[in-house]
Amino acid sequence: MKETKQIHNNAEPRFKPWDMLYFVMWFGVLSGLAEVVLPQMNQLIGGRNVFLRSHTIWMSPLANVAVLGIVGLILSPLLQRVSRPMAVRVASIVLASVVFLNTLVLEFARLSGIHFAAKVVLAVGLAVVLQRLIARWAHGFERFVRRTTIGLVLLVLVLTITISGYRHFQERGIISDLPDSRPSASNVLLIVLDTVRAESMSLYGYERQTTPYLKSLAEQGVNFEWAIATSSWTLPTHASLFTGRFNYENLTSYYEPLDSTYPTLAEVLSKHGYVTGGFVANNAFCRVEHGLARGFSHYEDYVASVKELVRSSSLIRFAFGDACGATWVRRMLGYYERLDRKPAPRIAKDFLRWIDRIPNGRPFFAFLNFFDAHQPYLPPVDFARKFGHTDLLGKYLTRYDHKPCLPSNTTTEEIESIQNAYDGSIAYLDYSLKRLFDELEQRNLLDRTLVILVSDHGEEFGDHSIIGHATDLHIQSIRVPLILRLPGIVPTAITVQEPVTLRDIPATVIDVLGLSGDGLFPGQSLSRYWIESKMEEPENEALVLSELSRASWAHGTPVAKGDMKSLVTGNMHYIRNGDGTEEVYDLHEDPVEHNDLIQMSRGAEAAAKARHIIEEILN
């Protein structure tokens, strides 16, 4: 009996749940740190901008610990039935397989063409190789995991605090170094309603009451009926809004951010003593890495939130599809929202919190990008069915997500369902903007702020066999809202019918504010449409140019026609496709562009004129 008792006392203890916890934390934190570091290295190798966010440093490890924790909960009861060395080996293989798979599904260009099943096999293979190394040192490895787990957690906390503190003191330093501003200088608020086309706004005659508040806002300032974006997708248009340059000058593309060749509006206003802040919801093309943050003392793209925590693991992002893909996980959960979407109230809240911290006497320049009308169109319940049924929305997400070509069997009912949801999204934006402007009025800021409300591009719903944007330059994709408001300087109740380009906005801001630096931004101030002394100046209508480069959009589509140019002169809209074909539309007679006039004499004449103007601009 004594001998039996001695053997039992010397038996190795089983692998307990708290032992699994150490392994989960160790592998999870390392996986999270890899998810932070590897994309930075990938960007450095590719020569792109690198920006490390403090919340990412702790969110990625935490998200990966949660993913591995689920695996650990399933695995732990089974491992208690086997010997401790075997449990260590099995736990290492399983957890390492998940870690390697998580790393392999990161968006690296060199791995993007590998099938997911192949990545699974590769991840398991790498884990087996690692386990063989661990097997030679099983007891030592377990002690190593226990002793270093706390150190890894502390490393994450130190890095988070260090980078967060650096950003905080950097922002304070920038503000303290600003030059004095002019007494009673007006604030500037640039609001971009991402993907909102003018055609779907009651402000511009749409039969559905999608924008009643914006209509009242427009009556308090100047409203432009035919504002034309410089491109039909986000980054190049935003680049033009900030620099006053056309796309061929900025050279932005899917892989190329806005570079430092030309000054931005934020940089110029900073030199005049403005505190600058950017708050963006479009994290696909408005991130810091895209170059749009240049000149801003404060810029918020990704921020700490529950949804951001959830998407901080590559495996979770993969399971939910890129952005809003209708994967089986989404269908099972009935959840189609983008994990990276920040709704309008969040943008407004972050902006208001920021202006409440601005030192007294300092004017601000704020850039707000709202993303609520972008795919997938999922407004809150009160707005989802405001204009009709949206029962086919799930089917739409499955069939059309990021696929601009309409399938040949698309029904009218499907298109109506999609557009109902889109219109509801615009109505939700209108409601949210009213609440934001009410808050500004309560702070006595609204009437001291130059408000510029605009969109970066429009959207198509089968108008030219297209759904979405960034594939052509038809009017539905480039005609956007534009409102200017500043009591006492910008007149009220004026509607401008002439076509104008968004490229003129930086020059307009400098002019309306009365700041020095005339000629710093190209283009002409839009004040020429309401100041009598400027009305006689040449309107230079020839510069209402839009562009879409084949290189600017990486996804490529069967309907894309290569590098495209578009020119609006008077009521004529000319489009030159990359395949050499041309189109001409009369926007007065045919505002939805159903009748191509290129084969008619007046269409051919308009095309010849536009061709000559474009060559002059480009040369």
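Which residue in S5 is the bridge partner of glycine 277? I looked this up in a predicted model, and the partner in S5 is alanine 366.

**Entry 1: strand S3**

I then went through the pairing of S3. S3 and strand S5, residues 364–370, are parallel and share six bridges. S3 also pairs with strand S4, residues 298–300, again in the parallel sense, here through three bridges. In that pairing I found glycine 278 opposite tyrosine 299 of S4.

Is S3 enclosed or open to the outside? Six of the six residues of S3 (275–280) are buried, so the strand is largely enclosed by the rest of the structure. I noted the cut-off used for this: buried means under 20% relative accessible area. I also sorted the residues by face, because side chains in a regular strand alternate between the two faces of the sheet. Val275, Gly277 and Phe279 are buried on one side of S3. Thr276, Gly278 and Val280 are buried on the other, and both faces are covered.

**Entry 2: helices H14 and H17**

I turned to a helix pair. At what angle do the axes of H14 and H17 cross? The axes of helix H14 (residues 344–355) and helix H17 (residues 412–442) cross at roughly 15 degrees and come within 10 Å. Angles under 35 degrees count as roughly parallel, so H14 is roughly parallel to H17. The crossing of H14 past H17 is right-handed.

I listed the residues that make the contact. H14 contributes Ala344, Pro345, Ala348, Phe351, Leu352 and Ile355. H17 contributes Tyr428, Leu429, Ser432, Leu436, Glu439 and Leu440. By class, the residues of this contact are ten nonpolar, one polar and one charged.

**Entry 3: the sheet S12 to S15**

Last, I looked at a sheet of four strands. The sheet is open, has the order S12-S13-S14-S15 and is paired antiparallel. Which strands are at the edges? Strand S12 (545–548) and strand S15 (582–586) are, each pairing on one side only. From one strand to the next, the twist averages 15 degrees.

Within the sheet I followed strand S13 (residues 564–569) and strand S14 (residues 572–576), which are antiparallel and joined by five bridges. Lysine 565 has arginine 576 of S14 as its bridge partner. Helix H21, residues 601–618, packs on this sheet and touches S12, S13, S14 and S15. I noted that the direction of H21 makes about 65 degrees with that of S14.

Definitions and conventions
Residues numbered from 1 in each chain as written. Predicted model: local features only at pLDDT ≥ 70, side-chain atom pairs only at ≥ 80, totals over all residues. Heavy atoms only, no water. Buried < 20%, exposed > 50% of the residue type's maximum accessible area, 1.4 Å probe, protein only. Helix = DSSP H or I, 4+ residues; strand = E, 2+ residues; numbered from the N terminus. Pairing = 2+ DSSP bridges. Axes fitted to C-alpha atoms, helices over the stretch in contact; angles between N-to-C directions. Parallel < 35°, antiparallel > 145°, perpendicular 65-115°, else oblique. Left-handed = near helix turned anticlockwise from the far one by under 90°. Contact = heavy atoms within 4.5 Å. Nonpolar A, V, L, I, M, F, W, Y, C, P; charged D, E, K, R; others polar.
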